[in-house]
Amino acid sequence: MTLMRGIICAAALLGASVTATAQDGPWQVRLRAINIAPDESSTVSIGGEARVDNQIMPELDITYFWTEHFSTELILATAQHNVSARGTALGDLSLGDVWVLPPTLTFQYNVNPGGDVRPYVGAGVNYTIFYGDDPGDVGSIKYKDGFGFALQAGVDFQINDDWFFNVDAKRIWLDTDVEINGGAVTADVNLNPWVFGVGFGKRF
């Protein structure tokens with residue numbers, strides 16, 4: 001089963017579980033497939049640079065509308081990224097992989113809340129948690145959790161009275177301090193990912 005087919009099935013199950021289907025209700029749920037594309041830069045104590053790969057993952061977000069135009073969205077997703085160091089004094093190193101959990105809260109302005117095409121923009125904060133790391137070619141590796149900022153823009157396209165199609169883009173500014181082999185090697189890594197998503201949603 002492809003990721004998109006899985007999202008469509010999950011969205012259908014979500015719709016079946018919601019009994020209140022009023023379009024103008026205060027709650028909204030979206031399920032997206034997202035492409036997480038780090039735009040990394042780094043300073044490594046032994047030279048070279050850190051590299052982090054792209055990942056495609058599912059994302060769930062929950063939105064509450066305070067008014068027609070203003071809403072708050074909680075974005076939930078986790079992804080496993082492969083990490084490496086290129087061009088260091090020790091050559092190219094695999095730093096294994098790590099799971100990243102960056103729950104993000106954005107405050108949104110909805111441009112055309114009553115229309116069939118509903119653009120929105122948002123800004124907010126996230127807290128990134130690193131867990132489940134595999135150190136790869138090195139003995140140990142530790143990532144520092146931390147806060148970041150986020151900007152967001154997207155559009156909902158109404159399909160019928162209950163469902164809409166969504167496209168969304170986010171830019172998240174976040175960095176982490178990395179300690180390798182107990183601090184023998186250190187790195188300051190700016191991840192700053194772009195997150196591009198498509199999916200389906202329902203308001204109730």
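Are R30 and D156 buried or exposed? R30 is buried, and D156 is buried too, where buried stands for under 20% relative accessible area, exposed for over 50% and partly exposed for what lies in between (1.4 Å probe, protein chains only). The model is a predicted one, in which local features need pLDDT of at least 70 and side-chain atom pairs count only at pLDDT 80 or more, while totals for chains, interfaces and linings use all residues. Residues are numbered from 1 along each chain as its sequence is written, and side-chain values use heavy atoms, with hydrogens and water left out.

**Overall make-up**

- The protein chain has 1 helix and 15 strands; helices (H or I, at least four residues) and strands (E, at least two) are DSSP runs numbered from the N terminus.
- Of the 204 residues in the protein chain, 42% are buried.
- The protein chain has an accessible surface of about 10100 Å², and carbon and sulfur atoms hold 62% of it; the areas come from the Shrake-Rupley method with a 1.4 Å probe, and for residues only the protein chains shown count as cover.
- Among contacts (heavy atoms within 4.5 Å) in the protein chain with a separation of 6 or more, 66% are between residues 24 or more positions apart.

**Nonpolar core**

- A nonpolar core is a set of buried Ala, Val, Leu, Ile, Met, Phe, Trp, Tyr and Cys residues joined through side-chain atoms within 4.5 Å.
- The largest such core has 28 residues, and L95, Y143, V178 and I180 touch the most other members.
- At least two residues of this core come from each of strand 1 (27-37), strand 3 (49-52), strand 6 (79-88), strand 7 (91-101), strand 10 (141-143), strand 13 (175-180) and strand 14 (185-190).
- Strand 7 gives the largest share of this core, 4 residues.
- Apart from neighbours within four places in sequence, L95 contacts V83, S84, A85, D134, P135, G136, V138, I141, Y143 and I180.

**Salt bridges**

- The structure holds 14 salt bridges, each a side-chain nitrogen of Lys or Arg within 4 Å of a carboxyl oxygen of Asp or Glu.
- R30 and D156 form one of them, with the closest N and O atoms 2.8 Å apart.
- Because R30 lies in strand 1 and D156 in strand 11 (residues 146-158), this pair ties together parts that are 126 residues apart in sequence.
- K170 and E59 form a salt bridge with the closest N and O atoms 3.4 Å apart.
- K170 belongs to strand 12 (residues 163-173) and E59 to strand 4 (residues 55-65), so that pair links distant parts of the chain, 111 residues apart.- K170 counts as buried at 3% relative accessibility, and E59 counts as buried at 2%.
- A salt bridge also joins the side chains of K202 and D162 (4.0 Å, N to O).
- K202 lies in strand 15 (residues 194-203) and D162 in the loop between strand 11 and strand 12, so this pair ties together parts that are 40 residues apart in sequence.
- K202 counts as buried at 3% relative accessibility, whereas D162 is partly exposed with a relative accessible area of 27%.

**Aromatic pairs**

- The structure holds 8 aromatic pairs.
- Rings of Phe, Tyr and Trp (its six-membered ring) pair if their centres lie within 6.5 Å; planes under 30 degrees apart count as stacked, over 60 as edge-to-face and the rest as tilted.
- The W27 and Y64 rings are edge-to-face, because their planes are at 65°, and their centres are 4.8 Å apart.
- W27 in strand 1 and Y64 in strand 4 are 37 residues apart, and their pair links distant parts of the chain.
- W27 is partly exposed with a relative accessible area of 41%, and Y64 is partly exposed with 27%.
- F165 and F200 form an edge-to-face pair, 5.6 Å centre to centre, with 65° between the planes.
- With F165 in strand 12 and F200 in strand 15, the pair ties together parts that are 35 residues apart in sequence.
- F165 is partly exposed, with a relative accessible area of 29%.
- W27, Y64 and W66 are linked into a cluster by ring pairs.

**Charges over rings**

- A charge sits over a ring if NZ of Lys or CZ of Arg is within 6 Å of the ring centre and within 35 degrees of the ring normal.
- The charged end of K202 sits over the W163 ring, 5.1 Å from its centre.
- The charged end of R203 sits over the F65 ring, 3.7 Å from its centre.

**A33 and P58**

- A33 is in strand 1 and is buried, with a relative accessible area of 12%.
- A33 and P58 are 25 residues apart in sequence, and their C-alpha atoms are 4.6 Å apart in space.
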